[in-house]
Every structure is written in structure tokens, then in C-alpha cells.
Amino acid sequence: MKYEKSCGAVVFTRIGKEIRYVLAQSRAGHYGFPKGHVEPGETEKETALREIFEEVHLTPVLLPGFREVTEYTVPAFDVRKQVVFFLGYYESQQIAAQESELKQAVLVSYEEAMALLEHEDSRRILTGADRFLKTH
């Protein structure tokens with residue numbers, strides 16, 4: 001089995017007092033957080049920032065104190081994958097989806113994001129991020 005590592009972030013902004021989250025919709029139709037493979041010599045945070053910019057054209061600030069990890073197997077490719085997520089804040093920037101990889105990128109409320117995310121791990125990470133923001 002091959003091992004892969006990716007990094008990304010739960011990216012958010014504030015509109016008034018409301019928190020809005022960025023979700024990327026893959027070509028296959030699945031929603032998730034911007035993320036991608038670690039390149040040789042990159043740190044986890046460098047990978048996350050590069051991938052966020054490539055996928056949704058945003059340059060967030062990664063907030064200290066939030067780091068969530070998920071692992072899963074992709075049997076069709078015989079791959080075990082680890083994904084590290086940070087929490088990133090941006091303001092005064094326009095989202096633009098990477099057309100070669102994504103159908104779209106959307107800015108949604110917590111409730112809308114929970115409805116769009118199909119994977120339990122993604123919902124768990126979003127819930128953790130939302131709690132983190134409300135307590136820090």
C-alpha cells in the first residue's frame with residue numbers, strides 16, 4: 001500500500017458577525033476543504049497555503065492552535081492517505097475556483113456546509129473549527 005500526505009485548511013471569513021466557510025466542489029461533485037499533496041521540502045503549513053491559493057485563489061492567515069488530522073484508505077488506488085487541516089482566515093479577497101480541478105468554490109454558513117459535506121470526518125473537522133472560533 002502506498003502512503004500519501006496532503007495538507008489544507010478550513011478557510012473562513014466574517015460577514016458582519018457571521019462566520020462563512022469556503023468549500024471546494026470537486027469535478028466529481030463532492031464538497032470539501034481546499035487541500036493537496038505535500039511537495040518535497042515543504043512544511044505542512046506551506047503546503048496548505050500553496051494549495052489554498054491554487055484551488056480557490058485566497059491567501060489566508062493560518063490561526064495558531066488548530067491542527068486536525070484525518071486518515072483514510074482509497075482501496076481503488078491501494079493508498080493510505082493522511083490529511084492535515086489548519087484553520088485559515090481571510091478578508092477582502094475574491095474566491096476563484098481552479099477550473100482544471102474544481103466545479104466551483106462556495107462561501108457558506110456552518111449549517112450549509114454541514115449539509116454539503118458528505119464525509120463524517122469533514123463534518124467533524126468543521127465542527128471542531130467552528131467550536132475553536134467560538135471559544136478563542
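Being three residues apart in helix H3, Arg123 and Glu120 are separated by about one helical turn; helices (H or I, at least four residues) and strands (E, at least two) are DSSP runs, numbered from the N terminus. The model is predicted, so local features need pLDDT of at least 70 and side-chain atom pairs count only at pLDDT 80 or more, while totals for chains, interfaces and linings use all residues. Residues are numbered from 1 along each chain as its sequence is written, and side-chain values use heavy atoms, with hydrogens and water left out.

- The side chains of Arg123 and Glu120 form a salt bridge at 3.0 Å, N to O, where the term means a side-chain nitrogen of Lys or Arg within 4 Å of a carboxyl oxygen of Asp or Glu.
- Arg123 is partly exposed at 21% relative accessible area, whereas Glu120 is exposed at 53%; buried means under 20%, exposed over 50%, and partly exposed in between (1.4 Å probe, protein chains only).
- Lys134 and Asp130 also meet through their side chains in a salt bridge, at 2.8 Å from N to O.
- Four residues separate Lys134 from Asp130 in helix H3, which is about one helical turn.
- Lys134 is exposed, with 60% relative accessible area, but Asp130 is buried at 7%.

**Salt bridges elsewhere**

- The whole structure contains 14 salt bridges.
- Side chains of opposite charge can pair when their charged atoms come close.
- Arg20 is partly exposed at 21% relative accessible area, and Glu112 is partly exposed at 39%.
- A network of salt bridges links Glu42, Arg50, Glu51 and Glu54.

**The largest pocket**

- The largest pocket holds about 710 Å³ of space.
- On a 1 Å grid over the protein atoms alone, where a 1.4 Å probe is used, a pocket is an open set of points with protein on both sides within 12 Å along at least five of seven lines, and lining residues have an atom within 4 Å of a point.
- Its lining comprises 26 residues, of which Ser26, His30, Gly32, Lys35 and Tyr72 lie nearest the centre of the pocket.
- Among the elements that give two or more residues to this lining are strand S2 (18-26), helix H1 (44-56) and helix H3 (120-135).

Conventions:
Points joined across faces, edges and corners; volume = space filled by probe spheres on them.
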